[in-house]
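Reader: I am new to protein structures and would like to learn how to read aromatic pairs. Could we go through them together?

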Amino acid sequence: MKARSFLDGQLLIAMPGMGDQRFERSVIYLCVHSEGGAMGIIVNKAAPMMNFGDLVSRLDILPGIDAESVPEEVMAMAVQFGGPVEPGRGFVLHTSDYFSADASLPVTQKIALTATLDILRAMAKGQGPQRALLALGYSGWAPGQLEDEIQRNGWLHCDADEDLLFGVAQEEKYNMALRKLGVDPAMLSSEAGHG
């Protein structure tokens, strides 16, 4: 029997015609993939009209920290729509230069996921990770569900890299991920095979 391969740390790329508009043209970074299911963060869709500064003021998570002392690039950081599951819960996908033994999940040697307010406070103080993506909600799959969706031509997958995750404008990530696979986005159809 062939050993099962899991896709932790890889990108899922939605195929045209997958039938679920929540994931249309989505690029998802898989944080967890095992026999128990999968969990990932959509990295190319902004939450409507929200940035780090808006989130900070809504949640009042920085008591005693002057908002004007927060680095400008942090305050302007867009908040992503991470997926339809628990849309009120925040996640930070980030480089592993920031790591909390109690709260961070290492995905790869270079990338981790943290879901506590401590990382937001650290970011506000300029002590957070070098590169980060803030998301509300996540994408989740029951055991075997993701594998089934891949078999039914719903997703392509490829290796992730930091530049694609953190350094490219969100509207360019879908086409860039496809190009990593050697796929011309203009030639992609719902009838294509999967990688």
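Reader: Are Trp141 and Trp155 buried or exposed?

Author: Keep in mind that this is a predicted model. Buried means under 20% relative accessible area. Trp141 is buried, and Trp155 is too.

Reader: How many aromatic pairs are there here?

Author: The count comes to three aromatic pairs. Let's take one of them: the ring centres of Phe91 and Tyr138 are 5.6 Å apart and their planes stand at 75°, so this pair is edge-to-face.

Reader: What are those two values for?

Author: A pair of aromatic rings is described by the distance of the centres and the angle of the planes. Planes over 60 degrees apart count as edge-to-face.

Reader: Where do Phe91 and Tyr138 lie?

Author: Phe91 is in strand β6 (residues 85-95) and Tyr138 in strand β9 (residues 132-141), so the pair ties together parts that are 47 residues apart in sequence. Phe91 is buried, with a relative accessible area of 4%, and Tyr138 counts as buried at 17%.

Reader: How are the rings of Trp141 and Trp155 placed?

Author: Their centres are 6.1 Å apart and their planes are at 80°, so this pair is edge-to-face. Trp141 sits in strand β9 and Trp155 in strand β10 (residues 155-159), 14 residues apart, and the pair links distant parts of the chain.

Reader: Which residues do ring pairs link into a cluster?

Author: The cluster is made of Phe23, Trp141 and Trp155.

How values were computed
Residues numbered from 1 in each chain as written. Predicted model: local features only at pLDDT ≥ 70, side-chain atom pairs only at ≥ 80, totals over all residues. Heavy atoms only, no water. Phe/Tyr/Trp six-rings, centres within 6.5 Å; stacked < 30°, edge-to-face > 60°. Helix = DSSP H or I, 4+ residues; strand = E, 2+ residues; numbered from the N terminus. Buried < 20%, exposed > 50% of the residue type's maximum accessible area, 1.4 Å probe, protein only.
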